[in-house]
Amino acid sequence: MRSVNLTINGRQRRVVTTADKVLLDLLRDDLGLTGTKQSCDKKGQCGACMVIINGRAVRSCLTKVASLEGADIITVEGLGTPENPHLIQEAFVLSGAIQCGFCTPGMIMSAKALLDKDPDPDEEAIKKALRHNICRCTGYTKIIDAIKLAGRFLRGEITPDQVRPDPDGPKVGVSHPRPSALAKACGTAEFTADIKVPGTLALAVVRSPYAHADIKGVDSSLAEKMPGVAGVMTAKDIKGTNRLKLAIADRPLLCEDKVRSLGEAVAIVAAETPEKARAAAEAVKVDYQVLEVLDSPAKALAEGAPQLHPHSPNLCYSQPQIKGDAEAALAGSAAMVEHRFSTSIIHQSPLEPEACVAWLEEDPEGDEPILTVVGRSINIHAHLAGLQAALGYENMRYLEAYSGGQFGLKLEITSEGIAAAAALHFQSGVRYIPSLAESMLMTSKRHSFNMKVRMGADDQGRITAYTNDFMVDKGAYFSIGQGILVRTLGMLSGSYNIPNIKALGKIVYTNNPYGSAARGAGPPQGNFALECTVEMMARKLGQDSLDFRLKNSLLPGQTKSTGRAAEQWPIPELIEKIRPHYDRAVAEAAAHKEGPVRRGVGLGCGSFGISLAGDAAVAAVELDPDNGVSVYAAAADPGEGNDAMFTQLAAHMLDLPLDKVRIHLRDTDNTTAAGPAAGSRITFMVGGALQDAINQLKEAMEEAGARTYQGLVDAGKPVRYLGRKKTTFAAPPMDPETGQGPGFEVEIHAIQMAEVEVDIETGQASVVKMTAVVDAGTAINPQNIMGQLEGGMDMGAGLALREKYVAGETTDWKTYKFPTMEYYFDKEVLIHETPRINATQGAIGVGEMALVPTAPAIINGIYDAAGVWVTNLPATPDKIKAALAGQG
Amino acid sequence: MEYGPDQANEDKGLGRRNRTIAGRDLHFDQEGFFWDSQEWFEEAAEIMAHEAGLARLTETHWRVIRFLREYYNTQGRAPLNRQLKAGTGLSLMDLEGLFPGGIKNGARRLAGLPNPKTCADGV
């Protein structure tokens with residue numbers, strides 16, 4: 001032990017510390033300064049824990065408290081508060097630099113240290129100062145903008161009030177700050193691991209070191225006797241189904257007699273401290289009988305391969321799509337392209353690791369206590385129901401904390417199942433805060449695809465036919481299963497008019513990590529193959545890439561691959577809008593076609609469907625006694641800006657000040673069951689339901705001849721209205737034999753252009769700039785749309801060039817090749833507005849489209865630069881080099 | 001049969017189940033819940049109750065069903081058991097025994113409330 005004198009946020013303190021204690025733990029655990037975050041496992045990879053020590057930005061996870069004698073430390077709480085924010089915090093809010101907000105405090109501390117020394121830093125200085133801070137949401141663009149703006153504030157050139165949109169001005173079409181942004185900037189927004197509940201037990205989980213094994217027995221006798229251990233539980237201690245069901249009840253909360261993928265949970269240990277729980281978990285002995293690992297669909301489909309689930313063969317679902325006669329059309333085509341494409345298993349990589357806090361509290365109305373679960377589900381009512389069934393316990397409540405990103409990952413119940421089960425079994429409050437490495441093991445992933453495609457075109461350069469046989473690695477559990485095929489096939493023809501389609505999608509159980517929702521969930525993979533094939537065809541026919549896309553764009557009245565006719569299809573307008581940028585980029589690239597580093601330009605279109613037939617949502621609005629309104633809908637906002645959308649929508653429709661709109665999105669006790677915050681559906685579906693509710697309220701106001709709470713009450717009118725939005729129920733989204741049907745209700749469109757450099761000696765491909773033109777209908781908050789595009793393109797570049805998850809090998813952000821500032825590239829987003837019919841004030845969602853065209857644009861750019869096709873993603877330097885060598 | 005639906009798909013029991021009840025075309029999920037709560041009508045509840053083994057829906061059944069529907073149509077979610085008890089004046093044991101399948105798979109289903117677990121479709 002050692003006594004250390006230091007100053008934290010201006011307050012002198014004396015702390016007693018062990019030799020190895022790090023500052024991050026002192027701040028968060030002992031002093032409750034939870035604005036400082038932790039993402040990586042104290043490896044200095046994330047920068048979320050950045051603080052300022054003696055004027056320098058320092059990662060507190062790497063800093064021993066014992067070394068801080070006399071140090072002057074500033075944390076995010078020492079800068080400002082939501083009531084009195086620091087100018088840097090205001091700059092982050094006003095620049096739209098805050099999405100999920102988990103990285104924000106660390107970013108702000110690095111910015112502060114930089115601006116204290118250099119009040120007018122250029123972009124290179126900013127990138128260097130932020131080299132240890134990572135962000136998954138923004139692509140760093142608006143963070144750099146924020147630091148430049150903060151510099152202007154600090155230099156007195158401009159004030160926040162001059163930048164802030166007029167709160168009394170228009171509510172739609174204006175980038176009003178997000179309601180949650182200031183709390184995130186000041187470190188007061190509570191994420192799950194920030195929530196402290198007195199007297200909780202810490203949890204550790206015994207996880208399988210094998211990807212496929214029978215469990216012959218679990219011996220916890222030694223662990224149970226260890227000091228501070230409350231107990232060990234296994235599947236037999238769970239009273240419900242022990243299944244975390246989405247489409248099929250195949251995924252156990254705790255494994256019973258079989259393990260089907262690496263790291264599955266077998267037992268839970270509860271103890272006084274995390275250290276004691278982890279030590280005891282090490283002492284639990286599990287007797288495994290190791291089985292053959294099926295680590296690819298090919299192995300899983302091989303003759304004699306073991307069947308992984310009793311209810312289904314390993315080929316667990318298939319869905320064809322047939323429109324017209326593709327074989328005949330191909331036979332009669334003037335040109336044909338044939339190619340194979342594959343993508344890797346991808347981790348969605350939200351910065352916040354898994355975390356859950358759960359506790360029991362007395363229910364004054366009930367005879368069993370209320371189990372409250374705090375997690376970051378994107379469908380809290382469904383997760384509540386799922387946990388109730390899995391655990392056989394009814395009286396529950398789910399609270400969504402602020403969420404450090406999710407990108408589809410939290411469609412699944414993960415750590416919440418562990419914590420809820422343990423709280424019930426041990427009849428105690430519990431905290432389960434697993435490491436990043438463990439989080440990666442337990443969460444779902446983006447599916448890998450293997451696609452074999454053919455495309456035909458006539459002598460006029462019109463696409464005649466397209467076929468795609470694709471195999472999806474399902475991993476160990478079904479999850480959204482058939483949805484991945486329906487979504488991919490629902491958007492198979494992308495932005496184009498293709499009269500003849502033949503496709504067959506298959507999903508296959510393997511022992512790999514289970515695939516589930518992941519920003520786009522299927523279409524990013526399918527569109528990668530389509531857009532590269534379009535490019536191959538354009539080049540085969542000697543046609544300009546942009547003109548070829550324009551010529552083949554779908555037009556209103558023509559049909560998609562599902563047979564559904566398009567009502568609105570602004571792709572031609574988007575193509576014309578990007579044309580001057582394309583001409584500029586092509587001209588610039590022409591000067592870099594020789595030498596070791598060559599530049600290319602690649603394009604990718606995307607037309608992303610939102611809300612399949614059969615979707616439904618409900619939302620409520622209530623007129624409050626002060627004549628403001630409260631909005632109720634379980635619509636998670638892990639960073640996209642749903643809070644801004646709901647607030648601006650209600651304020652616009654009711655002509656209210658923004659601060660008279662109160663939104664309630666995160667508690668099963670007061671929200672509507674609005675469906676998942678997935679599939680880019682929140683603006684269209686839940687926003688649509690809110691629009692319906694507000695229209696009912698306005699009708700009641702008109703009938704009452706009053707716009708006030710008291711006026712409605714006096715007129716005997718309700719003050720609360722439930723709004724609904726549903727898509728067509730006339731038919732299922734897709735016929736099981738033809739893949740024809742109503743499919744998706746509406747589309748968001750975009751075209752993206754990648755300017756890429758390839759070093760032909762090293763094979764290294766780098767993105768110089770991405771330009772996007774996007775049409776999401778009415779732009780309620782333009783800054784949010786741009787932020788989604790910028791972050792999505794960064795994620796798409798990772799998919800194209802670097803990212804690949806390998807269970808057991810990928811254990812942190814470094815091994816995952818998380819996009820750091822090192823990979824930063826310029827981004828330009830142009831918004832085109834075609835208000836959508838039957839949409840929410842003409843607006844639809846944008847979150848997933850953001851990355852759909854990115855990977856093919858980059859791969860097409862690599863071809864343009866280096867003349868090689870690398871279509872087995874990620875296009876790493878070794879693959880590009882091998883392709884160049886093959887070419888030579 | 002290269003493009004025929006795989007038998008495995010059929011075995012899963014996934015997706016919607018469409019039925020005609022009392023002359024109306026209705027949509028149900030794989031667990032027999034109404035896909036659209038607004039398609040519900042009283043005669044459908046009577047027929048579904050009969051199919052579930054209840055000779056007829058008594059006034060007590062209807063009290064529960066009406067409470068469930070009113071709660072859902074106001075709150076946009078199903079009530080928890082504690083709210084159901086308070087709203088109907090019935091004990092949990094009585095409620096569970098009143099409907100084949102209990103509260104969740106019996107009462108809620110007959111009342112036409114959507115299945116909160118159905119979430120993969122529509123996305």
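Guide: The conversation that follows sets individual values against the definitions of the terms.

Guide: This is a predicted model, in which local features need pLDDT of at least 70, side-chain atom pairs count only at pLDDT 80 or more, and totals for chains, interfaces and linings use all residues. Residues are numbered from 1 along each chain as its sequence is written, while chains are lettered from A and ligands numbered from 1 in the order in which they are written.

Visitor: Why is L130(A) called buried?

Guide: A residue is buried if 20 or more other C-beta atoms lie within 10 Å of its own, exposed if 12 or fewer, and partly exposed in between, with C-beta atoms placed from the backbone. L130(A) has 26 such neighbours inside 10 Å and therefore counts as buried. L130(A) is found in the loop between α4 (123-129) and α5 (141-154) of chain A; helices here are DSSP runs of H or I with at least four residues, strands are runs of E with at least two, and both are numbered from the N terminus.

Visitor: Which residues is L130(A) in contact with, leaving aside its neighbours within four places in sequence?

Guide: They are M107(A), S110(A) and M821(A). Two residues are in contact if their C-beta atoms, placed from the backbone, lie within 7 Å.

Visitor: Is K42(A) buried, exposed or partly exposed?

Guide: K42(A) has 18 other C-beta atoms within 10 Å and is therefore partly exposed. K42(A) lies in the loop between α1 (23-30) and β3 (50-53) of chain A, and its phi is near 55°, a positive value in a residue other than glycine.

Visitor: What makes N54(A) exposed?

Guide: N54(A) has 12 C-beta neighbours inside 10 Å, so it counts as exposed. N54(A) is not a glycine, yet its phi is positive, at about 50°. Its place is in the loop between β3 and β4 (56-59) of chain A.

Visitor: Why is strand β27 of chain A described as largely enclosed?

Guide: Eight of the 11 residues of β27 (residues 765-775) of chain A are buried, so the strand is largely enclosed by the rest of the structure.

Visitor: Which strands pair with β27(A), and in what sense?

Guide: Two strands pair if DSSP finds at least two bridges between them. Strand β26 (residues 744-759) of chain A pairs with β27(A) in the antiparallel sense over 10 bridges, and E757(A) stands opposite S766(A). Strand β28 (residues 826-831) of chain A pairs with β27(A) in the parallel sense over six bridges, with T771(A) opposite E828(A). β26(A) and β27(A) form a hairpin with five residues between them, and G763(A) in the turn has a positive phi of about 80°.

Visitor: What makes β12 and β13 of chain A edge strands?

Guide: The open sheet of five strands has the order β12-β20-β19-β18-β13 in chain A, with mixed pairing. β12 (315-323) and β13 (335-342) each have a single partner strand, so one side of each is left without a neighbour in the sheet. Within this chain, β18 (residues 449-457) and β19 (residues 463-475) pair in the antiparallel sense over nine bridges, and the bridge partner of F449(A) is V472(A).

Visitor: Why are α3(B) and α6(B) called roughly perpendicular?

Guide: Axes are lines fitted to C-alpha atoms, for helices over the stretch in contact, and angles run from 0 to 180 degrees between N-to-C directions. Angles under 35 degrees count as roughly parallel, over 145 as roughly antiparallel, 65 to 115 as roughly perpendicular and the rest as oblique. The axes of α3 (residues 59-75) and α6 (residues 102-110) of chain B come within 8 Å and cross at roughly 80°; the two helices are therefore roughly perpendicular to each other. The contact is made by V64(B), I65(B) and L68(B) of α3(B) with A107(B), R108(B) and L110(B) of α6(B).

Visitor: What makes a set of residues a nonpolar core?

Guide: Such a core is a set of buried Ala, Val, Leu, Ile, Met, Phe, Trp, Tyr and Cys residues joined through C-beta atoms within 7 Å. The largest nonpolar core has 306 residues, and A419(A) is among the members that touch the most others. A second, separate core of 17 residues includes A45(B), V64(B), F67(B) and L84(B).
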